[in-house]
Amino acid sequence: MVSRKITVSNQSGLHARPAGVLAQAAGKCKSDVIIKVGEKTIQAKSILNIMAAAIKCGTEIELCCNGETEEEDLNKIAELIESGLGE
């Protein structure tokens, strides 16, 4: 398993549209993609789980990937979050 800490930079946090972009990208990954925020552990392939976590701008999350393409998946998802998820 590999992980990286990232600060969410979207002004509105991970609301519906960026959560959808994130879940769709994570769904294409061969490895499991987990987001840890505080005491919560969230499956990143579920838009509902991401939205329910209510992750706001400036929140530090830990992105974890576990599987055959974990390094590649971690880099891809981390870059997507750091780029603002299209916003």
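The legends below describe close-up views of one predicted model. Residues are numbered from 1 along each chain as its sequence is written, and side-chain values use heavy atoms, with hydrogens and water left out. Because the model is predicted, local features need pLDDT of at least 70 and side-chain atom pairs count only at pLDDT 80 or more, whereas totals for chains, interfaces and linings use all residues.

View 1. Helices (H or I, at least four residues) and strands (E, at least two) are DSSP runs, numbered from the N terminus. The twelve residues of α1 should span 16 Å at 1.5 Å a residue, and its end C-alpha atoms are 16 Å apart, which agrees; the expected span is 1.5 Å times one less than the number of residues. P18, A19, L22, A23, A25 and A26 of α1 are buried, meaning under 20% relative accessible area, while exposed means over 50% and partly exposed lies in between (1.4 Å probe, protein chains only). Seen down the axis of α1, these buried residues fall within an arc of 165°, so they line one face of the helix; the arc is that of the directions from the helix axis to the C-beta atoms. The buried residues of α1 pack against β2, α2 and α3, where contact means heavy atoms within 4.5 Å.

View 2. An α-helix has 3.6 residues a turn, so residues three or four places apart point the same way. After α3 comes G84, whose phi is positive, near 95°.

**View 3. C29 in the loop between α1 and β2.** C29 is found in the loop between α1 and β2 (32-37), and it counts as buried at 5% relative accessibility.

View 4. I47, L48 and M51 form a nonpolar patch on the surface, with about 280 Å² of accessible area together. L48 belongs to helix α2 (residues 47-52) and, at 64% relative accessibility, counts as exposed. A52 also has its place in helix α2 and is exposed, with a relative accessible area of 61%; its C-alpha atom is separated by 12 Å from that of G20, 32 residues apart along the chain. Patches are made of residues with over 30% relative accessible area and no salt bridge, like charges being joined within 9 Å and nonpolar side chains (Val, Leu, Ile, Met, Phe, Trp, Tyr) within 5 Å. A salt bridge is a side-chain nitrogen of Lys or Arg within 4 Å of a carboxyl oxygen of Asp or Glu, and accessible areas come from the Shrake-Rupley method with a 1.4 Å probe, only the protein chains shown counting as cover for residues.

View 5. S46 lies in the loop between β3 (40-43) and α2 and is partly exposed, with a relative accessible area of 22%. A54 is placed in the loop between α2 and β4, has a positive phi of about 50° although it is not a glycine, and counts as partly exposed at 48% relative accessibility.
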